[in-house]
Amino acid sequence: MPAQVDESEIKASMKAEGQSASDVAEVLAELKAIRVSQLFPDALVIGADQMLTCQSEWFDKPTDMDHAQAHLLALQGKSHDLITSTCLAQQGRRIWHDQDRATLTMRTLSHSFISFYLNLVGDKALNSVGAYQIEGMGAQLFSQVDGDFFTIRGLCLLPLLEMLRRHGVVPR
């Protein structure tokens with residue numbers, strides 16, 4: 001269920017205050033979980049958010065295919081960090097949080113490969129902050145990947161599963 005959170009406003013405000021991308025990811029994950037938890041107070045609600053940083057620049061999801069191409073051009077030949085925060089809320093309050101970071105190095109890409117890739121994945125490129133998915137053809141964008149696969153996909157899954165086991169939601 002989408003949480004009614006103005007991510008752009010929160011990011012801009014926190015950036016202006018000098019907060020880190022890690023702080024933003026944590027705040028957004030928590031806010032999403034708490035907002036939905038207020039609608040379903042007895043449920044355990046998972047909220048997650050991810051920030052991509054490259055050389056101090058924050059990247060958002062691309063708005064269109066031209067923007068996706070610009071993302072790939074900006075990231076190529078460089079390392080960037082994906083910071084993923086996951087929050088669990090119940091009764092309108094945070095009861096657990098985890099954060100992880102993965103560092104990915106994108107290889108130098110030709111314009112023809114970027115066009116080929118974006119044509120192949122289509123609008124799926126607009127669903128992630130870096131205009132890529134690590135699975136499938138997206139793996140060919142990288143020369144090195146350091147970090148947890150699930151962190152890259154946008155969820156601190158293994159620590160979350162352990163927390164859900166402690167709550168009896170997932171079998172031990």
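This is a predicted model: local features need pLDDT of at least 70, side-chain atom pairs count only at pLDDT 80 or more; totals for chains, interfaces and linings use all residues.
User: How do α3 and α4 pack, and at what angle do their axes cross?

Analyst: Start with the axes. Helix α3 spans residues 65-75 and helix α4 spans residues 111-121. Their axes come within 11 Å and cross at roughly 135°. Angles over 145 degrees would count as roughly antiparallel, and 65 to 115 as roughly perpendicular. So α3 is oblique to α4. The crossing of α3 past α4 is right-handed.

User: Which residues of α3 and α4 make the contact?

Analyst: From α3, they are Met65, Ala68, Gln69, Leu72 and Leu73. From α4, they are His111, Ile114, Tyr117 and Leu118. By class, the contact has seven nonpolar, two polar and no charged residues.

User: How many disulfides does the structure hold?

Analyst: Look for cysteine sulfur atoms within 2.5 Å. The structure holds zero disulfides. Take Cys87. Its closest cysteine sulfur is in Cys156, 11 Å away, so the pair is too far for a bond.

User: Is Cys87 buried or exposed?

Analyst: Buried means under 20% relative accessible area. Cys87 has 0%, so it is buried. Cys54, at 4%, also counts as buried.

User: Where does Pro41 lie, and which residues is Pro41 in contact with beyond its neighbours within four places in sequence?

Analyst: Pro41 sits in the loop between α2 (21-39) and β1 (45-54). Its relative accessible area is 37%, so Pro41 is partly exposed. Leaving aside neighbours within four places in sequence, Pro41 contacts Gln90 and Gln91. Pro41 and Gly136 are 95 residues apart along the chain, and 38 Å separates their C-alpha atoms.

Methods. Residues are numbered from 1 along each chain as its sequence is written. Side-chain values use heavy atoms; hydrogens and water are left out. Axes are lines fitted to C-alpha atoms, for helices over the stretch in contact, and angles run from 0 to 180 degrees between N-to-C directions. Helices (H or I, at least four residues) and strands (E, at least two) are DSSP runs, numbered from the N terminus. Angles under 35 degrees count as roughly parallel, over 145 as roughly antiparallel, 65 to 115 as roughly perpendicular and the rest as oblique. A crossing is left-handed if the near helix is turned anticlockwise from the far one by less than a right angle, and right-handed if clockwise. Contact means heavy atoms within 4.5 Å. Ala, Val, Leu, Ile, Met, Phe, Trp, Tyr, Cys and Pro count as nonpolar, Asp, Glu, Lys and Arg as charged, and the others, Gly among them, as polar. Buried means under 20% relative accessible area, exposed over 50%, partly exposed in between (1.4 Å probe, protein chains only).
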